[in-house]
Amino acid sequence: MRLGSALLLASLVALGSAGSDAPRGVPVGFVFDPRATCEPQCEHAGICIRNNTCLCARGYEGESCQFANCYPKCKNGGVCLRPGKCRCPLGLGGRYCHKVACEGGCWNGGECIVVNGVAQCICPSSWTGSKCQEAICPQGCQNGGICVAPGICSCPEGWLGGACHTAVCDLRCLNGGKCFSPNKCRCRPPFSGPRCQERRKSY
Ligand SMILES: *[C@@H]1O[C@H](CO)[C@@H](O)[C@H](O)[C@H]1NC(C)=O
């Protein structure tokens, strides 16, 4: 049990009024049981004043004064290390862990907030990734294309279109042939050849 200062003051007042001449309420020096033992021992300069009763130094509390206290309390899951000193979860700062800081920042309009004691970026709908650094292309980027901005694919050579889904044939496929991959035509019978320019002979 922690002996509160109100209780301490009350016992001092009682001691003062017990003596006939002593003025009331004036501290006369704290009397404690010198043979008192506290188990576990009082920590952080707490004093064992009665059996198993510690008088804690300022800034500590708990049965054996084992806990530091921080006022204001550490926020967002911070742990009080010593009086007034909080250890903050990753991504949080400030004396009371009240400041949110996402490492590397949040890009593209992302907002840094704390979720379950962890700072993280909340991204606008068209961005993702830990820093909102990756654009989202809802249509997908095919054939090795890379999403470089929301809805915009950067296509490798030989491919075009919003999703890099259209092959490019530098020389047009003839006779109804279809360009199905860069510079490759799929021909309609009876045509053949790189550009479907040849008519197969029928025997
Ligand atoms: C405190 O504890 C010791 C040892 O356990 C015991 O001898 C003593 O009488 C106790 N003192 C009081 C005031 O209870």
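N69 is buried, with a relative accessible area of 13%; buried means under 20%, exposed over 50% and partly exposed in between, using a 1.4 Å probe and protein chains only. This is a predicted model, in which local features need pLDDT of at least 70, side-chain atom pairs count only at pLDDT 80 or more, and totals for chains, interfaces and linings use all residues. Residues are numbered from 1 along each chain as its sequence is written, and side-chain values use heavy atoms, with hydrogens and water left out.

N69 sits in the loop between β4 (67-68) and β5 (79-82); strands are DSSP runs of E with at least two residues, helices are runs of H or I with at least four, and both are numbered from the N terminus. Leaving aside residues up to four places away in sequence, N69 touches G59, Y60, E61, C80, P83 and G84, where contact means heavy atoms within 4.5 Å.

The strands run antiparallel and are joined by three bridges, with β6 covering residues 85-87; pairing requires at least two bridges found by DSSP. Within this pair, C80 stands opposite C86 of β6.

The loop between β4 and β5 also holds N76, whose phi is positive, about 55°, although N76 is not a glycine. N76 is partly exposed, at 31% relative accessibility.

A cis peptide bond joins E39 and P40, with omega about 0°. P40 belongs to the loop between α1 (5-18) and β1 (47-50).
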